[in-house]
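I opened this structure today and kept short notes on what I looked up. The entries follow in the order I made them.

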Amino acid sequence: MSDAGTQLTLTVVDGSEVLTFVPQRLVVAGYTARDETAAHAHIAELAEIGVPPPPSIPTFYHLDPGLLTTAAAVEAGGANTSGEVEPVLVRHGGRWFIGVGSDHTDRDLERQDIGDSKAACPKPLGKLVARLPADLEDGAFDAAWDQAAARSRVDGADYQTGQLATLRTPSDLLTRLAKELGSDTVWPDDLVVYAGTLPLLDGEFKPGAGWELTLTLQLAEGPTTLSHTYDVTRRRRR
C-alpha cells in the first residue's frame, strides 16, 4: 500500500510520550486463531452463510491506511456492518506499541469479497497505546500476550470476550507478515497491524450503533487497560 493515511495522534498510556505520524501501511490479519483446526471450523461456518474461504491461514489484507481513525463517531456504508475487538500493533520511530481497535466490516460485501468488505469501513483505533519490547518479533512479548484479555460490547450488550492466548503470538504473526512484505531484516515504519479477533459470544454478527472495546494487558509496570468507544452512523451505498 503506497497511499499514506491521515495523521494519527496516539498517547503512551503512562502519559510520557505522544506519537504523531501519518500511517504508511495498514494490514488487517484474518484467521489468526492459534488452533488451526478451530480456524478451519470457523471458515466452514462462514462458508455456510456465503463467505468465501481465505487464500491462506492466516491471511493479510493490505488496506488503505486512510481508513484508520481515532474518532468517537464514524460512518459506515450499508446497513449490515459490525465491529470486532482486536489488539493492534503499531510500528513508529523504530519501536513497537500496542493499542486496541475494531476491524469494522461490511457483512453483506463479505459474502462477495472479504478484502472489499474490510476496505468498505473505517478502522477505529483507541488513542492510548502501550510500549512493547524492541525485539517483539523475537518473542519478547509472547508470554505477556497470552495473559492479555479482550472484550467488546455493542449497544450495551456483551459481544466478545476472551484471552489473546487463543490468537497467534506476535512473533508468529510478524514472522509470517515479514516474509510477505519482504522485510525480514528491516520493518517498514509507521505500520499498523490489526492482529486478529475473538469468537462472537452467540455466533451472530450484530449491526449495532454503539461499540465498546477493551484490551487488558499484564505489563511489567502492572495491569494496564486500553479502551475505545465509537458510534456508527450509516450512509446509503450509491
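Predicted model: local features only at pLDDT ≥ 70, side-chain atom pairs only at ≥ 80, totals over all residues.

I began at Gly50, which lies in the loop between H1 and S4. Helices (H or I, at least four residues) and strands (E, at least two) are DSSP runs, numbered from the N terminus. Gly50 is partly exposed, with a relative accessible area of 38%.

Residues are numbered from 1 along each chain as its sequence is written, and side-chain values use heavy atoms, with hydrogens and water left out.

The peptide bond from Ile57 to Pro58 is cis, with omega near -10 degrees. I noted for comparison that most peptide bonds are trans.

Arg34 is in the loop between strand S3 (25-30) and H1. Arg34 and Pro58 are 24 residues apart in sequence, and their C-alpha atoms are 9.5 Å apart in space. Arg34 counts as partly exposed, at 34% relative accessibility. Which residues does Arg34 contact, leaving aside its neighbours within four places in sequence? I found Trp145, Asp146, Leu164, Ala165, Thr166, Leu167, Arg168 and Thr169. Contact here means heavy atoms within 4.5 Å.

**Two Asp residues with positive phi**

Phi of Asp155 is near 50 degrees. Asp155 sits in the loop between strand S13 (149-154) and strand S14 (157-163). Phi of Asp190 is near 55 degrees, and Asp190 sits in the loop between helix H5 (170-181) and strand S15 (191-194).

Is Asp190 buried or exposed? Asp190 counts as buried, at 16% relative accessibility. Asp155, with a relative accessible area of 53%, is exposed.

**Ala195**

Past S15 I came to Ala195, in the loop between S15 and strand S16 (210-219). Ala195 counts as buried at 1% relative accessibility. Leaving aside neighbours within four places in sequence, Ala195 is in contact with Ala29, Thr32, Glu86, Pro87, Trp145, Leu167 and Leu173. The C-alpha atoms of Ala195 and Leu174 are separated by 9.3 Å, and the two residues are 21 apart along the chain.

**Pro223 and Leu217**

Pro223 lies in strand S17 (residues 222-235). Pro223 counts as exposed, at 66% relative accessibility. Leaving aside neighbours within four places in sequence, Pro223 is in contact with Leu217 and Gln218. From Pro223 to Arg95 the C-alpha distance is 21 Å, with the two residues 128 apart along the chain.

I then followed Leu217. Outside the four places on either side in sequence, the contacts of Leu217 include Ile98, Ala130, Phe141, Ala148 and Pro223. Leu217 is also among the residues with the most contacts inside the largest nonpolar core, together with Leu89, Ile98 and Phe141. That core has 42 residues. A nonpolar core is a set of buried Ala, Val, Leu, Ile, Met, Phe, Trp, Tyr and Cys residues joined through side-chain atoms within 4.5 Å. Another core, of 25 residues, lies apart from the largest one and has Val28, Leu63, Leu67 and Val129 among its members.

**The chain as a whole**

I left the totals for last. The secondary structure of the protein chain comes to five helices and 17 strands. The radius of gyration is 17 Å, close to the 18 Å that the globule rule gives for 238 residues, so the chain is as compact as a globular protein of that length. The radius is taken over C-alpha atoms, and the rule is 2.2 Å times the number of residues to the power 0.38. The C-alpha trace spans about 40 × 35 × 35 Å along its principal axes.

Of the 238 residues, 50% count as buried. Residues 24 or more positions apart account for 73% of the contacts with a separation of 6 or more.

Technical notes:
Buried < 20%, exposed > 50% of the residue type's maximum accessible area, 1.4 Å probe, protein only.
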